[in-house]
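Hi,

Here is the structure I promised to pass on to you. Have a look through it first, and my notes follow just below.

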Amino acid sequence: MDAEAIDHHLQQGADEDEFSGVIRVEQSGKVLLERGYGLASRTWEMSCRPEHRFDTASITKVFTAVAVLQQVEAGAFGLDSSVVGYLGLEDTRVAPEVTPYHLLTHTSGIGDDADEEDGVEYETLFVERPNYSLAETADFLPQCAYNEPKFAPGEGTRYCNCSYVLLGLMVERASGMPYREYVMRHVFGPAGMERSGFFRMDRIEPDVAEGADPVTDDAGAVVGWRRGIYSYPPVGSPDGGAHVTAADLTAFHRALRDGRLLGPESTAAMLEPKEDYKAMPGGMHRTGFGFEFEVDAGGDVVSWWKEGINVGVSGVLSHWPRSDVTFALLSNRQEGAWGPIEAIEQIIRADPGTN
């Protein structure tokens with residue numbers, strides 16, 4: 001595994017002011033690379049360090065998926081239970097046939113609040129409604145449960161943030177605890193994620209990277225920087241927004257694989273693909289429980305990952321089972337992670353152990 005090539009590429013991106021963030025690369029339990037690049041705060045010109053906590057956006061969904069499977073194991077509800085019946089949503093547009101399985105795999109067909117596949121930007125939700133009004137999971141229901149369905153449950157696959165909001169509500173009802181408290185206690189705690197949390201934008205927290213994106217003129221020149229304080233809710237929710245370090249993110253993945261978060265059957269279910277999503281060169285992109293998967297033409301898993309994006313946020317947790325490589329890349333720029341992720345994947349694919 002060529003960690004030096006990854007380091008060189010990220011440093012070059014930082015030198016050209018195209019990337020800021022952190023990376024952690026592990027192979028078979030050994031840390032090959034852990035570094036920060038660029039600025040964690042443009043306000044104070046503070047450099048990124050491995051101990052900085054980054055907003056993860058939709059990477060949070062894998063924590064929600066674990067919480068859901070924990071409650072399935074506890075017998076609170078089943079993967080085939082009616083979400084409408086369990087949550088009492090009979091007066092909504094959510095079909096009674098929708099189950100946690102559908103929500104986990106993005107096959108429910110429910111209408112999303114900001115449909116990414118239709119090119120809707122999440123921040124447009126807050127043009128008329130203040131973002132600070134969405135502080136608790138139930139606050140999302142008005143924009144999640146009354147939209148026109150896209151298809152009948154199980155008859156398609158379409159990425160949907162609202163699916164994970166409903167799953168978070170199921171965890172809250174089953175556990176009697178607020179979603180964030182539950183995840184802190186039952187996911188972050190057992191995984192040893194000691195520096196992770198759900199941090200409000202209006203509170204001062206140490207070592208939290210400041211998200212910012214370039215503002216450009218008509219010629220494409222950077223004329224300033226914009227923060228996303230009005231672009232998403234003030235604190236993380238079941239579909240996105242937890243803050244973690246890269247080390248904590250790989251610790252989560254290790255704890256999951258080691259069976260410290262779920263029993264054997266549920267662990268296996270988290271780490272296997274479920275539903276076809278999109279064709280990929282030589283294979284298929286499939287959804288699972290939180291994670292997404294690349295499957296080759298023979299049906300073997302090439303990699304699984306979960307990525308996240310928002311204003312001032314981008315990143316990924318990715319695992320390549322053939323070479324046993326895991327990497328976590330977190331950036332405090334909306335477009336910061338995607339070029340580096342592509343380069344890292346090319347390096348991994350070139351490794352003889354990956355083929």
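The side chain of S331 makes a polar contact with the backbone nitrogen of R333, at 3.2 Å (a pair of N or O atoms within 3.5 Å, one able to donate a hydrogen and the other to accept it; residues adjacent in sequence count only if both atoms are side-chain atoms). This is a predicted model, where local features need pLDDT of at least 70 and side-chain atom pairs pLDDT 80 or more, while totals for chains, interfaces and linings use all residues. Residues are numbered from 1 along each chain as its sequence is written, and side-chain values use heavy atoms, leaving out hydrogens and water.

S331 lies in strand β14, which covers residues 325-331 (strands are DSSP runs of E with at least two residues, helices runs of H or I with at least four, numbered from the N terminus). With a relative accessible area of 1%, S331 is buried (under 20%, using a 1.4 Å probe and protein chains only). Leaving aside residues up to four places away in sequence, its contacts include F19, F54, G312 and G336 (heavy atoms within 4.5 Å).

As for the whole chain, you will find nine helices and 14 strands. Its radius of gyration is 19 Å, close to the 20 Å from the globule rule for 355 residues, so the chain is as compact as a globular protein of that length (taken over C-alpha atoms; the rule is 2.2 Å times the number of residues to the power 0.38). The C-alpha trace spans about 55 × 50 × 35 Å along its principal axes, and 54% of the 355 residues count as buried.

Best wishes

Methods:
Buried < 20%, exposed > 50% of the residue type's maximum accessible area, 1.4 Å probe, protein only.
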